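Subject: Structure handover

Hello,

Here is the structure for your files. My notes on the side chains and backbone follow below it.

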Amino acid sequence: MKESKLINWIIFVFLIFFTLATIYPVINVFTVSLRPGDKLLSTSLEIIPENATFESYVKLFTETDFLKWLFNSTFISFVVTLTGVSLASTAGYSLSRFKFIGKKSAMLGLMVTQMFPATMLLLPMYIMLMKLGLLNSYLGIVIVYSSTALPFCVWQMKGYYDTIPFSLEEAARIDGCTRWQAFYKIILPLASPALVITALFSFMSAWSEYIVAAQILQDRNLYTLPIGLKSFQSNLTTEWGLYAAASLIVSIPVVILFIVLSRYLVSGLTLGSVKE
Amino acid sequence: MKYIKSKFNLLILTILFISFIFLSCSKKPNNQIQITIWHQMRVDEREVLQRQLDRFMKLHPEISVNQIYKETEELRSGFIIAAIGGQGPEIVYGPQDQVGPFEIMNIILPLDTIFSNKFLNQFNEKGLIWSNNHLWMIADKLGNHLALVYNKKLVKNPPKTDKELIEIGKQITKDFNNDGKPEQYGLVWNYTEPFFFIPFLTGFGGWVFDEKNNPTLNSEAMIKGLKFIADLRDKYKIIPGEADYDIADVLFKEGKAGMIINGDWSWASYGKAGIDYGIAPLPLIEETGLYAAPMISGKGYSINANVNPEKLPAIKLLLEFLLAPEQQLETAKELNTFPTHKSVYNDPFIKENEILINSQRQIELGKPMPIISEMRAVWDAMRPYYQAVLGGAMKPEIAAQKMQEEAVKKIQEMNEDVSSTYAELIFILTFTIGLIVVLFLSRKTILAFIKDLSRNSFAYYLVLPAFIVMILVIIYPFVYNIVLSFSNMNLRHINDWSIIGFNQYIKVFSEPIFYTVFLKTIIWTVVNVFFHVTIGVALAILLNRKIPGKTIFRTLLILPWAIPQYIVALTWRGMFNYEYGAINIILTKYLSLPPVEWLKSPLEAFIAVIITNVWLGFPFMMVIALGALQSIPNELYEAAEIEGANWFQKLRKITIPLIKPVMIPAITLGIIWTFNNLNVVWLVSNAGEPSDQTHILVSYVYKAAFNLYRYGYAAAFSMIIFLILLVMSLTFLKRTRATESVY
């Protein structure tokens, strides 16, 4: 046991070191947010800059539409997450459990949609949404975001279902469950770590997307966070203080979401359920 | 289990509820005339504009005006896309050079048909942007020009000539702590962008075009200008070894530079940062007797060609209001910009304000920026060789010659006019025949599929919703792109493009640079994904053990994923700076290693971009691996331990095979995303610096094609990227057998 304690200490020190390296740039962003006079860089390495001020944070909430953007982004990301999780959990299950014609091409088809450089799709996507009357609407953007997040989500779910033994459903079917019940009563709860990742990914892809949103949403009342944040910068003169402050605040919901979800990430439900 | 079930029902209910919201919140109709303005104004300018719009709407309650900010490049490309689609804002506001492409593409209205001569005669000639006998833009601000800004604390009298500039520069440049590196510089400015080089070109008697609009970059003046800047740094040592816009800006703001060359947009921010600053015209070059003249550009309003004629009177009313003397004077007072309405020039404020007087002197000495779209090609041609000279990789003589060759080539590519009479017919024929052949060959599969549909209906029902959403969004854009890649769509053929066959594809493959960039992309992808996965999985395995503070580590380690990429990428760029960046400081101070010129040499810059992207990407893989590790039952490890397996054996025989089904799709998609990751390369290397040496395929196509409006070429290039990725992922998936289940 002594040996394992030593190993744990080594791991602990390694993690601390790695975490410090990870958060250093983040601390840098924090420093920028405290600097007076909109400076992105500085010639000093101090974390708390000279004349540090929380002005940017105050200004962010009092003088900009930050809360409105926050609300819009939260709403859109939430809907995209729901769509992503529900569609991917079912489609992934089907792709993992059933043999049917077109399955392989369907899976490849999903992958293929990711291969095209996104900037190229902007013009046709704009024209299409215009023809469908979906410009400047949440519905349009939710459809686009869902479809960009789905391929990863479906594949991820499929991969995870693959690791759950078939025998579990067979047992459930013998106990009198329908196929649907076997899926959502037995398998879905077991797949909760994958659901968490799917949710987090869907949320992130909607939360931080900029290019499509900027082209589709033209009404300032509909602006999402990335578009709002971008308006703090203009060619060569950027309000770095505001931008950095906003960036840090923007990451808080993601972190909270992650903390809340990580309870399910460590499910431990498989313990004892597999008896091969 | 009940718990989960009720959750699932809740989820379905929420979806229904939200779709209900969508359906019910359609917009109320109103009779107000809506006008939208797209602009690229800075924040302080936007505030003034909004005040003026509010006053206008009070005067005309029947009109409602909406102003929307877009970044300059995005304004241009976004407006083009929207206008091609027959939509877009009624009014665009921006610098005069955007008129060039807009005019050729026919997406703005000639203003001389809307406004009377009497109205137009009230404006400074430089504010009226004419081309081909039509007026396309009316400016409300003149300038956008560079001038010499000096810190009055350090510089008593601004230099009038280049000799004085060097003299004063030498006096101010000081090495306070005697470490051989000055802490205070005489002069700073962004010397990576050709726009900031123009004054030195003109000062030595050069210009970018001749009378016939042919580029004139291979000139004595160019060579002398380039040498002059190199001398300022290497011979007189009055400017820092490395400076981009942000570095120059911060040095001046912190009082560590006596003078900066910067544009009228920046001046006010120096006052805000507490610098007592003055403005002076750029110095006279004694050798030629010419002033270093910056480019001058007006900024003003143009009207979208798609605008509904019924709206024109309202738009006219609005523009007349915004351009009126009262508004212009207000703007000038607030922002220190130079107005275009002649009647304002006699106002005491304009006549007596020190900044404005000097600004006006600089405007008079400046040269108007050409509005022709060829200017884009000239910038693109100058940038890499200018940077190469400053990086010491190229002699000025050779650089000037290369710039010229490149500019001529780019202009030719941009204006290329290929058409083919039969290509369209052949294309449609081949396409139809191909489709029929495919359908015929797969007829058995299709029939079997239809049969299978009823037999396996449960499986299909589960997949269907996801696929409907996918197809909805992907198919149309995809087909559109294929068609475009066979077309000649470019600056000259925006709405009248036609199919020309394989031309664009041939062009992509015939460029030797394609192959080197391709190789870099492969290296970029492999290195990145390798580190993402190994770091991600390693951390996940460590975090899966019993460690104190596990949750805190886990949460902190996902931060790179959670914070908007844009800001962290730029922070990293700052960290790689030669003199002030944290990385070099750590290298030199704590590790006693020599500093690295991260952003100046191609290899180091490429490594810098990769380091940034590894940092940004590992948390994602870590989270996935954390999830995957949960699918492994503890009993397997316990059993292995009883059998006497060591740590490494458990990793190889249990962990890796069992997380594979989850990791393989993530890795495959990771490869695809990394291959196409434009953002990081763009931000950290500042669009391919130095000298366009850090490009990967997507950033290369973005710069080569979109800067010059070559849409057909860009589409073909993207198709090739697509095909490369397709082959790569198929091979990878086949090797790893990811489409099959483990059980």
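**Aromatic pairs and other contacts**

Tyr270(B) is buried, with a relative accessible area of 0%; buried means under 20% relative accessible area, exposed over 50%, and partly exposed in between (1.4 Å probe, protein chains only). Phe252(B) also counts as buried, at 0% relative accessibility.

On conventions: this is a predicted model, in which local features need pLDDT of at least 70 and side-chain atom pairs count only at pLDDT 80 or more, while totals for chains, interfaces and linings use all residues. Residues are numbered from 1 along each chain as its sequence is written, chains are lettered from A and ligands numbered from 1 in the order in which they are written, and side-chain values use heavy atoms, with hydrogens and water left out.

Rings of Phe, Tyr and Trp (its six-membered ring) pair if their centres lie within 6.5 Å; planes under 30 degrees apart count as stacked, over 60 as edge-to-face and the rest as tilted. By this rule there are 64 aromatic pairs over all chains. Phe252(B) and Tyr270(B) form an edge-to-face pair, 4.9 Å centre to centre with 70° between the planes. The pair links helix α9 (residues 245-253) of chain B to helix α10 (residues 267-272) of chain B, and its two residues are 18 residues apart. Helices (H or I, at least four residues) and strands (E, at least two) are DSSP runs, numbered from the N terminus.

Tyr700(B) and Phe717(B) form a tilted pair, at 5.8 Å centre to centre and 55° between the planes. Tyr700(B) lies in helix α30 (residues 697-706) of chain B and Phe717(B) in helix α31 (residues 711-736) of chain B, so this pair ties together parts that are 17 residues apart in sequence. Both Tyr700(B) and Phe717(B) are buried.

Two charges sit over rings (NZ of Lys or CZ of Arg within 6 Å of the ring centre and within 35 degrees of the ring normal): Arg46(B) over Tyr69(B), 3.9 Å from the ring centre, and Lys70(B) over Trp38(B), 4.5 Å from the ring centre.

**Backbone**

Most residues other than glycine have a negative phi. Tyr709(B) has a positive phi near 60°; Tyr709(B) lies in the loop between α30 and α31 of chain B and is buried at 2% relative accessibility. Asn136(A) has a positive phi of about 60°. Asn136(A) is in the loop between α5 (122-131) and α6 (138-162) of chain A and counts as partly exposed, at 23% relative accessibility.

Regards
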